[in-house]
Amino acid sequence: RSTDEIRRALVEAAGGWPYLLDEILHLTGNDKDAQVGAQEVKQRLINDEGYRQLFLDKLQLPNNPAVNAVLELLVSEEEPVPLELITPSYGEPLAELTDKHCDDAVLLLKQFGVVSLEDEDLVVIDPTVRMVLSQS
């Protein structure tokens, strides 16, 4: 197998999250193919609620209503969400928040590496985090 194939499998399963990369390496050991470990981690993230929760705990995101609401919105949308739409006027799940809560939540998620900004105005959720949260 090519190095590129292995790298793709690792990125697809772990994103850039050190905890998941460690898990893959731990599962791979000395005798298994890294792609096998990557596939196993991906399957655990999809099928094992406890494993998903462990990953989410490792992110150390604050349990905050605004952060949770913004994540809920981002997971529910197929495409990146324009930054200017992440306001209470969007409606549920943001309706109960203030503009400042929304802005602070996006900034915090960006600092934690959970979202990034594309073209400075599109909020993109990390694919691994999206996959884990969409299973929860």
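Start with the largest nonpolar core: of its 37 residues, Phe55 and Ile86 touch the most other members. A nonpolar core here is a set of buried Ala, Val, Leu, Ile, Met, Phe, Trp, Tyr and Cys residues joined through side-chain atoms within 4.5 Å. Buried means under 20% relative accessible area, with a 1.4 Å probe and protein chains only. Helix 5 (65-76) gives the most to this core, with 8 residues.

Two notes on the model. It is predicted, so local features need pLDDT of at least 70 and side-chain atom pairs pLDDT 80 or more, while totals for chains, interfaces and linings use all residues. Residues are numbered from 1 along each chain, and side-chain values use heavy atoms, without hydrogens or water.

Now Phe55. Leaving aside neighbours within four places in sequence, Phe55 is in contact (heavy atoms within 4.5 Å) with Trp17, Tyr19, Leu20, Leu45, Thr128, Val129 and Val132.

That takes us to helix 7, residues 127-135. Helices are DSSP runs of H or I, at least four residues; strands are runs of E, at least two; both are numbered from the N terminus. Which residues of helix 7 are buried? Thr128, Val129, Met131 and Val132. They cover an arc of only 160 degrees around the axis, so they sit on the same side of helix 7. The arc is taken from the directions from helix axis to C-beta atoms. Their cover includes helix 1 (3-14), helix 2 (18-28) and strand 3 (122-125).

Last, the cap. Asp126 caps the N-terminal end of helix 7, with a side-chain oxygen 3.0 Å from the backbone nitrogen of Thr128.

Definitions and conventions
Buried < 20%, exposed > 50% of the residue type's maximum accessible area, 1.4 Å probe, protein only. Polar contact = N/O pair within 3.5 Å; in protein donor to acceptor, adjacent residues only side chain to side chain.
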